[in-house]
Amino acid sequence: MISPDSFRAFYESTLRSKFEPLEQFRRDRWDKLWKYGGGAAAAGIILTLAGVDSGLLISVVAIAGSVYFYRQFQQEFRDRYKREVVGAVVNAFGLDYDPHRRIERPEYERSKLFLDSINRYYGDDLVTGKVDKTAIRFSEVFTQHVSSNGKNTTVRTIFRGILFVADFNKKFVGETIVLPDRSEKAFGSLGAFFQKMNFARPQLVKMEDPEFEKHFVVYGTDQVEARYILSTALMQRILTLRNKVNTGVSLSFIDSHVYIGLPINRNLFEPSSLWESIDNFKQIEEYHYLVSLCMTIVELLDLNTRIWTKE
């Protein structure tokens with residue numbers, strides 16, 4: 001794993017060499033937009049002020065054309081940037097990166113982290129590989145439910161962030177789901193009643209760790225197996241992960257995998273706009289942080305420690 005200190009050296013020695021051709025590409029496209037689109041729009045305005053009937057039409061066409069070509073250039077720039085810059089950051093960790101792929105919807109649904117109905121599913125920036133013995137994959141995922149009554153349309157975001165999947169180091173056959181405990185925090189003992197009445201989930205599993213119970217609610221198809229999976233050590237590790245990411249992390253243990261949802265309410269692994277310089281260390285440092293975070297999950301949850309015959 002690349003430490004923050006060594007990443008600065010990697011940025012200077014490796015990434016900056018990729019910036020020059022990309023920066024030239026960005027400037028060239030931006031100059032063309034100003035030269036042709038801006039020039040045509042300005043000419044149309046001048047003709048309009050001079051009383052020429054076609055002047056307004058020229059301005060409108062020039063502006064519409066500029067918007068169209070800006071989107072085309074931005075997409076072309078975005079694709080190159082992701083392949084050459086973001087890809088280099090991910091590859092430096094020994095992982096593979098595909099900006100156009102994602103964790104697919106069937107796996108999102110298999111995780112059972114989010115049971116709300118969705119009819120929009122987006123995602124990109126798939127990262128795959130192994131951290132020592134543990135195979136991992138994660139991507140940005142964005143899901144919504146859109147409903148309309150004929151007059152008004154309501155868009156409700158179900159999840160936006162990173163969906164992380166890894167091999168788990170214990171064998172199990174049931175399902176255990178660990179969710180942020182919002183009911184008990186808000187309603188106290190009444191919240192515990194609401195937890196039990198969550199009929200969409202398996203049975204409620206009460207854990208013996210009071211600090212863990214304070215922040216999480218656990219559902220499982222097998223009480224004994226849920227406690228086997230969520231050992232005292234693992235509960236402490238999950239609390240450490242929660243504190244590290246400072247967000248409402250969700251986990252599920254299904255089909256000998258662990259699924260983790262990390263809510264992040266913004267686009268990830270994206271370049272700046274076409275008019276901004278790409279030589280931005282803080283922005284690229286965030287890519288390093290996101291990949292480091294997902295690799296650190298393996299260490300935080302001690303996934304490389306294999307139990308009995310699980311390899």
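## Lining of the second largest pocket

β2 gives the most to the lining of the second largest pocket, with three residues. In this predicted model, β2 (120-131) and β3 (134-148) are the elements that give two or more residues to that lining. Strands here are DSSP runs (E, at least two residues), and helices are runs of H or I, at least four, numbered from the N terminus.

The lining holds Arg-78, Tyr-122, Gly-123, Asp-124, Glu-140, Phe-142, Arg-160, Asn-267 and Glu-270. These divide into two nonpolar, two polar and five charged. Asp, Glu, Lys and Arg count as charged; Ala, Val, Leu, Ile, Met, Phe, Trp, Tyr, Cys and Pro as nonpolar; the others, Gly among them, as polar. A pocket is an open set of points on a 1 Å grid where a 1.4 Å probe fits, with protein on both sides within 12 Å along at least five of seven lines; lining residues have an atom within 4 Å of a point.

## Strand pairing

β2 pairs with β3 in the antiparallel sense over 10 bridges. Tyr-121 stands opposite Thr-143 in β3. Two residues lie between the strands of this hairpin, and Asp-132 takes a positive phi near 60°.

β2 also pairs with β1 (residues 96-98), antiparallel, over three bridges. There Tyr-97 stands opposite Val-127 in β2. Pairing requires at least two DSSP bridges.

## Whole protein

The protein has nine helices and nine strands. Of its 311 residues, 46% are buried (under 20% relative accessible area, 1.4 Å probe, protein chains only).

## Basis

Residues are numbered from 1 along each chain as its sequence is written. Local features need pLDDT of at least 70, side-chain atom pairs count only at 80 or more, and totals for chains, interfaces and linings use all residues, while side-chain values use heavy atoms, without hydrogens and water.

Note on methods:
Buried means under 20% relative accessible area, exposed over 50%, partly exposed in between (1.4 Å probe, protein chains only).
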